[in-house]
Amino acid sequence: MVDNLETRLVKLALKGDQRAFAEIVDLYKDRIFHLAYRMLSNRHEAEDVVQETFLRVYRNLDRYDPGQKFSTWIYRIGTNLSIDRLRKRKPTYSLDAEIGDQDGADGYALIPGDNRTPETEYMISETRTTIHEAIDGLPPKYKTVMILRYLQELSLQEISDVLDMPVTTIKTRVHRGREFLRKKLESQQH
């Protein structure tokens, strides 16, 4: 159903319908931001990636193949732009890194539920932060796959389509990425 809506919106946007393109932006802007933010850990860079993604979508809408899922196409654009930024980036180590909103939780997530004590909330928050920091420290080829798999919850086939790689390569990178994370997290506990 969603693919039919997206296909109709693309056809309308190709005919110059600005509202249809605006609806495409509304459907995907948060997802692309979330993806870029997880990869780059920087709000401003993620916002830039979102803008650049939609600029590229607009310019290349005529190249979109309706035979493939629109989400796969737009994720590929957003992922590639994020990877490009990671490659150009020099390693930076900052004590002022944005840890407060690292997990992307809103204000409501900070209110403890009936069955959670402040201590439990703190432990969950610390665990999330530790995992996100460990993912941030992965080599880019594993980091990208781990973010798409576990934070964006894409299937192996979808990741394969987004990154334009064989599923077997994706499986290997997910496995090796998990091994990197396991070793990293184990070394932090000792």
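**View 1. Glu45 and Arg85 meet through their side chains in a salt bridge, 3.5 Å from N to O.** A salt bridge here is a side-chain nitrogen of Lys or Arg within 4 Å of a carboxyl oxygen of Asp or Glu. Glu45 sits in helix H3 (residues 43-60) and Arg85 in helix H4, so this pair ties together parts 40 residues apart in sequence. Helices are DSSP runs (H or I, at least four residues), numbered from the N terminus. Glu45 is buried at 17% relative accessibility, while Arg85 is partly exposed at 29%. Buried means under 20% relative accessible area, exposed over 50%, and partly exposed in between (1.4 Å probe, protein chains only).

This is a predicted model, where local features need pLDDT of at least 70 and side-chain atom pairs count only at pLDDT 80 or more, while totals for chains, interfaces and linings use all residues. Residues are numbered from 1 along each chain as its sequence is written, and side-chain values use heavy atoms, leaving out hydrogens and water.

**View 2. Arg85 also forms a salt bridge with Asp48, with the closest N and O atoms 3.7 Å apart.** Asp48 lies in helix H3 and Arg85 in helix H4, so the pair ties together parts 37 residues apart in sequence. Asp48 is partly exposed, at 35% relative accessible area. Have a look at the trio: Glu45, Asp48 and Arg85 are linked in a network of salt bridges.

**View 3. Lys143 and Asp136 join their side chains in a salt bridge of 3.7 Å, N to O.** Lys143 is buried, with a relative accessible area of 6%, whereas Asp136 is partly exposed at 27%. The whole structure holds seven salt bridges.

Key:
Helices (H or I, at least four residues) and strands (E, at least two) are DSSP runs, numbered from the N terminus.
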